[in-house]
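Reader: Can we go through the charged pairs in this one, then a helix? Keep it short.

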Amino acid sequence: KKKSSIFDNNFAIIYLAMTDHSKGKELFAERNYAGAAEAFSQAINANPDSKEVALLYSNQAECMLKMNNNQAAAAFCEKSLQLDPCNAKSYNRLARALPKDTSEAALSICSAIALCGNQVHGSLILLYKSIQQEASHKDWMPLDHRHIRLINPGTPFPFRSTFETSLWIISPGSFDIIHTIVVTNSSSAVIGLGKV
């Protein structure tokens with residue numbers, strides 16, 4: 001009788017996770033959102049890779065949004081972002097799940113836009129504008145989403161901007177700030193993603 005090796009076991013786990021992930025994507029395409037969420041959950045249980053698990057949590061969040069379960073969607077986004085604090089889709093989905101008048105929704109949409117860089121699509125801009133219209137965000141959210149900048153590790157202080165209002169999103173590993181807004185003057189703010 002042949003003994004199974006660690007390699008065989010790991011291969012079986014990865015194969016199950018990939019199968020469940022593919023099944024989830026198929027079910028989502030068929031608009032079976034509850035079935036897709038369950039398949040993604042099974043893939044999470046079988047998958048040891050944290051980046052992949054972050055993606056699966058984000059996919060579960062999208063299923064919850066499609067089923068109008070915003071509270072569960074927000075919870076899945078938070079789990080995803082704990083594993084991958086630079087996941088633009090998770091920030092986008094979190095912004096969609098939260099009430100537009102919350103600062104967490106504003107932080108999330110700004111983070112999604114910064115992480116997308118020059119690849120910002122129309123639906124993200126529309127969501128940004130709808131959240132930005134809330135009175136509580138007008139003091140720190142730029143009027144134009146193009147005034148949001150991502151700062152990566154190694155970028156020197158001080159940050160300079162030619163824009164009247166700037167928002168700086170700092171990626172993990174850059175500094176020692178925890179996901180907060182720091183107003184540096186009347187026209188600029190800094191947001192840290194995860195442990196930066």
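Reader: R93, buried or exposed?

Author: R93 is buried, at a relative accessible area of 11%. Buried means under 20% relative accessible area, exposed over 50%, and partly exposed in between, with a 1.4 Å probe and protein chains only. This is a predicted model, where local features need pLDDT of at least 70, side-chain atom pairs count only at pLDDT 80 or more, and totals for chains, interfaces and linings use all residues. Residues are numbered from 1 along each chain as its sequence is written, and side-chain values use heavy atoms, with hydrogens and water left out.

Reader: What does R93 form a salt bridge with?

Author: E62, with the closest N and O atoms 3.0 Å apart. The rule is a side-chain nitrogen of Lys or Arg within 4 Å of a carboxyl oxygen of Asp or Glu. R93 lies in helix α5 and E62 in helix α3, so the pair ties together parts 31 residues apart in sequence. Helices are DSSP runs (H or I, at least four residues), as are strands (E, at least two), numbered from the N terminus.

Reader: And which residues are linked with E62 in a network?

Author: R93 and R96 are linked with E62 by salt bridges. For E62 and R96 the closest N and O atoms are 2.9 Å apart. R96 is partly exposed at 32% relative accessibility.

Reader: How many salt bridges by this rule?

Author: Four. Another pair is D84 with K51, at 3.4 Å between the closest N and O atoms.

Reader: Switching to α7. Which residues are buried there?

Author: L124, I125, L127, Y128, I131 and Q132.
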